[in-house]
Amino acid sequence: MSSALSRRQFLAGSAAMLGAGYVPGIWSKTTPTRLPIPPVVDGSRGRPIDLRIRSGTWSFKRGVRTPTLGFSQDYLGPTIRTRQHSELDLRYRNTLTESVAVHGHGLHVPGEVDGGPQLTIEPGADWQPGLSIVQPAATCWYHSHTHGKTGEQTYRGLAGLIIIDDEVADSLPLPRRYGVDDLPIVIQDRTFDEQGRLVYSLLDADEDGWLGDTIVINGAVAPVANVPAGKVRLRLLNGANARFYIVTFADNRTFHKIASDGGLLEAPVPLTMMEMSPGERCEIVIDMADGKTAGLLTLFEDEFDDDEEGVLGSLSNLFGRSEAALPPPSLTLTVDNALAANTAPLPERLAAIVRPQPQEIVRTRDFMLGMDNGDGDDDGGHGAMDMTINGAAMDMNVINERIERGVWERWRIRSDQGAHPFHVHGCSFLIERMEGETALPDQRGWKDIVVVDDDDWSEIVVRFDHPATEQYPYMYHCHILEHEDRGMMGQFTVS
Ligand code: C2O
Ligand code: CU
Ligand code: CU
């Protein structure tokens, strides 16, 4: 088993080996790129949003053109903005020569508009889901969910953000000027060949999934953004196929996490580093009032190895060295004093989170994520691995679980090998335990992804309020997209 599958990890080798700032030779010595900000489209006024699934050409770094996919743009898609208690009408048109399914990750909507693999859009066809947005403010996303091709299509660019607003969030003095002090940050890693083309192969992916060697932020390598000299909110999405990141800053500054996958936490949580697994969102606020440049580091968690020091110990070693020993930032924030600053103190309370009483939890289900290598006489190779949940690989014709609507359940999840980000459609849930330990304060908000491993159970409490039929069931799956595409996924109905 490769060390990359272990999460209790320690810095191995030199900081330069952390890779997070590795820039291939073809791109060295060019002037820094500005952080691309995806255009925002307002879906809250009932006007439908057209999203053309198309191919394009995008420069991840100036001077190199890369064939890509996107939604109405060359790479990624616009940020869709909507509100609680509004209708969101999307009109997808597939202009590719392959079929595509597009899922609204984190949305509480019925299975028939959830965009699972049954909801394939054929080449030349349209799909027009009408979404009633009932959930609170959150940063969600949309991405390819095509059967067996989620990894490849997402990697090439089929992903975008969805921001939901509500009255609670509006009433708080949080930074909210999109692209100014409220920045969408999609973190991904990609591998490019000498011509600058994206390299991807599901069959060649190893057991950890497809790991790129170059970090891209909103599709740019090591970009720079100018921000006001005040509070700045980053809506971080780990949009990588398989990579777990340690997110921290080059000056080891404290930041505040204010929201997790499903919305605002009860209170801001001060942190100097955090883990982000594939698919997760974290909203953080940093204070730029001192005028100092902030370098966002997105360290490759798999570059840390098992050691009693753990990630924290390793990081303090890392920060104990000279700043030159640190990997270069994935994103640099520099202050522009001409921009109006939000200097309001962070609110002490954010949102109320009502947890179920123990007697409200009516049943328990267990899920075991399996990646055993079959008979063991083939020599590994991702393609040969069986990726399963409770012993079964994803089968579009099998409903794995049938769930009653509107009641709380406890789900216990673990794996037989390594760490996996377990994701559930159609809900937000609350984490009670993560790998056997009580969830930390920054993990006690609404979530739709929980990290599980082979040491101990992770436990969530979950309730589904929307229907999902046999024809259009929901999915639960590992969000390492190569694991998902290899079968580590199951289907369930809610009725
Ligand atoms: Cu973001 Cu079913 O996934
Ligand atoms: Cu999802
Ligand atoms: Cu997995």
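Which residues coordinate the copper ion (ligand 2)?

## The copper site

His 103 and His 423 do, each through NE2, at 1.9 Å. Donors here are N, O and S atoms within 2.8 Å of the metal (3.2 Å for Na, K and Ca); water is not among the atoms, so sites may look incomplete. His 103 sits in strand E7 (residues 102-105) and His 423 in strand E28 (residues 420-424), so the pair ties together parts 320 residues apart in sequence. Strands (E, at least two residues) are DSSP runs, numbered from the N terminus. Both histidines, His 103 and His 423, are buried. Buried means under 20% relative accessible area, exposed over 50%, partly exposed in between (1.4 Å probe, protein chains only).

## About the model

This is a predicted model: local features need pLDDT of at least 70, side-chain atom pairs count only at pLDDT 80 or more, and totals for chains, interfaces and linings use all residues. Residues are numbered from 1 along each chain as its sequence is written, chains are lettered from A and ligands numbered from 1 in the order in which they are written, and side-chain values use heavy atoms, leaving out hydrogens and water.

## Asp 453 and its loop

Asp 453 lies in the loop between strand E31 (449-452) and strand E32 (458-462). Asp 453 is buried, at 5% relative accessibility. A polar atom of its side chain is 2.9 Å from the backbone nitrogen of Asp 455. Leu 369 is 84 residues away from Asp 453 along the chain, yet their C-alpha atoms are 8.8 Å apart.

## Cysteines

Cys 282 is buried, at 1% relative accessibility. Cys 427 is buried too, with a relative accessible area of 1%. The structure holds 0 disulfides (pairs of cysteine sulfur atoms within 2.5 Å).

Terms used. Helices (H or I, at least four residues) and strands (E, at least two) are DSSP runs, numbered from the N terminus. A polar contact is a pair of N or O atoms within 3.5 Å; within protein, one must be able to donate a hydrogen and the other to accept it, and residues adjacent in sequence count only if both atoms are side-chain atoms.
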